[in-house]
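Take a look at the model below. This report then walks through a few of its parts.

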Amino acid sequence: MSEKVEELLEFLTSRNNSQAYQALKVLEEMSAESSCLYPHMDKFLAMVSSGNSYVRTRGLALVAHNAKWDVDGKIDGIIDEHLEHITDEKPTCARQYIKLLPLLAEAKPALAPQKSISALRDANVARYPDSMRPLVQKDIHDSLLAIEH
């Protein structure tokens, strides 16, 4: 199994976005079932800083999906920087991240809900084109509802 995991992890940063997306989906499913990917949390956190928005989005997704296994509090130390992705330079990345916030808030009940709510309410989406702004605003609204209830 670890050989398969290593291969999937390699695919996450592949230039072949279809292959990378498929790897992400498999890794998300694995994360839902067990903590087997938690030892790779540092890799996921590093991906969040990538200059490539696709890699960044995959990292954000895997951090959120593995938050429930975060026994070492790795997310706790970077939550403020992490929440800055609500207004990521790429609106698609921001939208994907915003949709993941309820999962993160549920996994980190002592940390994420209040910080997430505050960051979502304070988010300035004026940086996005007129065509994307309403979509981001709707995502923010939906995530706020999910976190608050």
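## Terms and basis

A residue is buried when its relative accessible area is under 20%, exposed when it is over 50%, and partly exposed in between, with a 1.4 Å probe and protein chains only. Helices are DSSP runs (H or I, at least four residues), numbered from the N terminus.

This is a predicted model, in which local features need pLDDT of at least 70 and side-chain atom pairs count only at pLDDT 80 or more, while totals for chains, interfaces and linings use all residues. Residues are numbered from 1 along each chain as its sequence is written, and side-chain values use heavy atoms, with hydrogens and water left out.

## Helix 4, a covered helix

Helix 4 is mostly covered, with twelve of its 14 residues buried. Among them are Ser-53, Val-55, Arg-56, Thr-57 and Arg-58. Gly-59, Leu-60 and Asn-66 are also buried. The cover includes helix 2, helix 3 (41–47), helix 5 and helix 6.

The length of helix 4 fits expectation. The expected span is 1.5 Å times one less than the number of residues. For the 14 residues of helix 4 that gives 20 Å, and the end C-alpha atoms are 20 Å apart, which agrees.

Leu-60 sits in helix 4. Its relative accessible area is 1%, so Leu-60 is buried. Contact means heavy atoms within 4.5 Å. Leaving aside neighbours within four places in sequence, Leu-60 is in contact with Val-48, His-82, His-85, Cys-93, Tyr-97 and Leu-100. Val-5 is 55 residues from Leu-60 along the chain, and their C-alpha atoms are separated by 18 Å.

## The largest pocket

A 1 Å grid is laid over the protein atoms alone; a pocket is an open set of points with protein on both sides within 12 Å along at least five of seven lines, and lining residues have an atom within 4 Å of a point. The volume of the largest pocket is about 340 Å³. Its lining has 16 residues, and the closest to the centre are Tyr-21, Leu-24, Thr-57, Arg-58 and Gln-96.

Which helices each supply at least two residues of this lining? They are helix 2 (17–33), helix 4 (53–66) and helix 6 (91–107). Helix 4 gives the largest share, six residues. By class, six lining residues are nonpolar, six polar and four charged. Here Ala, Val, Leu, Ile, Met, Phe, Trp, Tyr, Cys and Pro count as nonpolar, Asp, Glu, Lys and Arg as charged, and the others, Gly among them, as polar.

Ser-31 is in helix 2. At 0% relative accessibility, Ser-31 is buried. Not counting residues up to four places away in sequence, Ser-31 touches Leu-37, Leu-62, His-65, Asn-66, Lys-68 and Trp-69. Ser-116 belongs to helix 7 (residues 112–122). Ser-116 is buried too, with a relative accessible area of 0%. Beyond neighbours within four places in sequence, Ser-116 is in contact with Leu-83, Leu-101 and Ile-147.

Is Glu-84 buried or exposed? Glu-84 counts as exposed, because its relative accessibility is 54%. It is in the loop between helix 5 (79–83) and helix 6.

## Helix 8, one buried side

In helix 8, Val-136, Asp-139, Ile-140, Ser-143, Leu-144 and Ile-147 are buried. They cover an arc of only 135° around the axis, so they lie on the same side of helix 8. That arc is taken from the directions from the helix axis to the C-beta atoms. An α-helix has 3.6 residues a turn, so residues three or four places apart point the same way.

Note on methods:
On a 1 Å grid over the protein atoms alone, a cavity is a set of points where a 1.4 Å probe fits but cannot get out, and a pocket is an open set with protein on both sides within 12 Å along at least five of seven lines; lining residues have an atom within 4 Å of a point. Grid points are joined across faces, edges and corners, and a volume is the space filled by probe spheres set on the points.
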